[in-house]
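Have a look at the structure first, then read on.

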Amino acid sequence: MSDASSTADQLPPHTGEPQLTGIVKGHAKTDGLAEHHLLDRLLIPASLIFIILSAVIFAMGVYRYDNTYHDDFSGDYVYFKAFSGCEIYLNKQEALPSSEIQNILNAWPVITSDCSKLPLRYLTAYHNHLRVFYLSCNTKDKADRICRSGHLRMLK
Amino acid sequence: MQIRTPKNVKVTLFITTLLLLLFSTYSAIMMKKKSDDKIVHCMSAFDSHVDKSSLHATATLYLYRGKGSVQISGDYISPDGTHYPVKSVAGMIYHVDGQDYHVRFTGNNTTFRKDDVNKDFGLLLPFSISSTNIDYVYQLEMQNDGSYLIRQNGNALIMCKKISRP
């Protein structure tokens, strides 16, 4: 805009109508240029905003709607010992002392029943709730496996 | 020294990022649609023991577009060793938030051949189906073979084998 006013100041005093038209045209041209320049300057920030928005929208979509697939559950368990023909695995998150697990296995032979068909036992024992959940599976093959679910509740 | 980016590069970048934004929005919409249309249909064989009572049953879970049911049928074995057939059906409504399924049971119908089985039956189930005004949160984790491991508060409750559609 300052360029446009300085151009007008430099005009001779008696220039007539054609020069005035030129001034108006000059204003329009410089306004257009300024607008164009502004748009040009906004392209990069707008692109950056689009990239951030794309990442946020995609991440929200994956988090809310597409995260149902997980690694195999057996990764949550660690091998404990062989017992009555079964291989016993314990939940890593509910770590009870070995002696307590042994007591549970001794008190509830049903946990290690039918070991010939389903030899793998994945145990989650809750210390406070006096509950045991266990999965009895026939194989470690993640793609083709048969499992039964088991639940014990101890009443005191 | 200021480096000026050529205008055509800026315009190309702008158009590319605009397309990227449209693509990610479209992907998110498709993920939501896929999630809304997902059918969970699975069966679990389970054994439950409380004191000297036990339940040997199969549970069938069906979830689709916010509504579902769980059917349990099997044998209750009383402390004296007598077998009683039991059957239970419970309806539910749910909504999904990521991995969490917020479930509210809408009613259930349980059939026993002996009245006092009812008390033990509630204890033998690893999850409640009789409370109708309570929201429960379960996590359904899909395994490699398409089965669902159903967790509550992160604890594994039941493995539910996917029922394939013919």
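## Strands and hairpins in chain B

Let's start with the pairing of strand β3 (residues 67-77) of chain B and strand β4 (residues 83-97) of chain B: they run antiparallel and are joined by 11 bridges. This is a predicted model, so keep that in mind throughout. To find your way along this pair, look for B:Val70, which sits opposite B:Ala90 in β4(B). The two strands make a hairpin with five residues between them, and B:Gly81 in that turn has a positive phi of about 90 degrees.

β4(B) also pairs with strand β5 (residues 100-112) of chain B, again antiparallel, through 12 bridges. Here B:Ser88 has B:Thr110 in β5(B) as its bridge partner. β4(B) and β5(B) form a hairpin too, with two residues between them, and B:Gly98 in the turn shows a positive phi of about 65 degrees.

## How chain B is laid out

Chain B has two helices and eight strands, and along the sequence they come in the order α-β-β-β-β-β-α-β-β-β. Is the chain spread out or compact? Its radius of gyration is 24 Å, well over the 15 Å that the globule rule gives for 166 residues, so chain B is more spread out than a compact globule. The box around its C-alpha atoms, taken along the principal axes, is roughly 90 × 35 × 25 Å.

Chain B is split into domain 1 (1-37) and domain 2 (39-162), and the C-alpha centres of these two domains lie 45 Å apart. Buried residues account for 31% of the 166 residues in the chain. Of the contacts in chain B with a separation of 6 or more, 45% are between residues 24 or more positions apart.

## Where the chains meet

On the chain A side, 40 residues are in contact with 41 residues of chain B. Three elements of chain A, α2 (17-65), β4 (131-137) and β5 (147-153), each supply at least two residues of the side that touches chain B. α2(A) gives the most, with 17 residues. By type, the residues on this side of chain A divide into 21 nonpolar, 10 polar and nine charged.

Strand pairing crosses between the chains as well: β5(A) and strand β1 (residues 39-50) of chain B run parallel and are joined by five bridges. A handy landmark is A:Arg153, which stands opposite B:Val50 in β1(B).

## A look at B:Phe127

B:Phe127 is found in the loop between α2 and β6 (135-142) of chain B. Why does B:Phe127 count as partly exposed? It has 16 C-beta neighbours inside 10 Å, whereas a buried residue needs 20 or more and an exposed one has 12 or fewer.

Not counting residues up to four places away in sequence, B:Phe127 touches B:Gln152 and B:Leu157. B:Leu157 is 30 residues away along the chain, yet its C-alpha atom is separated from that of B:Phe127 by 8.3 Å.

For the complex, the predictor gives an ipTM of 0.78 and a pTM of 0.74. Chain B averages a pLDDT of 87, with 94% of its residues scoring at least 70. Among the elements of chain B, strand β2 (residues 53-64) has the highest mean pLDDT, 94, and helix α2 (residues 117-124) has the lowest, 76. Where pLDDT is low, the predicted coordinates should not be read in detail.

Notes:
Residues are numbered from 1 along each chain as its sequence is written. Chains are lettered from A and ligands numbered from 1 in the order in which they are written. This is a predicted model: local features need pLDDT of at least 70, side-chain atom pairs count only at pLDDT 80 or more; totals for chains, interfaces and linings use all residues. Domain bounds come from an automatic or database domain assignment. pLDDT is the predictor's confidence in each residue, from 0 to 100. Helices (H or I, at least four residues) and strands (E, at least two) are DSSP runs, numbered from the N terminus. Two residues are in contact if their C-beta atoms, placed from the backbone, lie within 7 Å. Ala, Val, Leu, Ile, Met, Phe, Trp, Tyr, Cys and Pro count as nonpolar, Asp, Glu, Lys and Arg as charged, and the others, Gly among them, as polar. Two strands pair if DSSP finds at least two bridges between them. The radius of gyration is taken over C-alpha atoms; the globule rule is 2.2 Å times the number of residues to the power 0.38.
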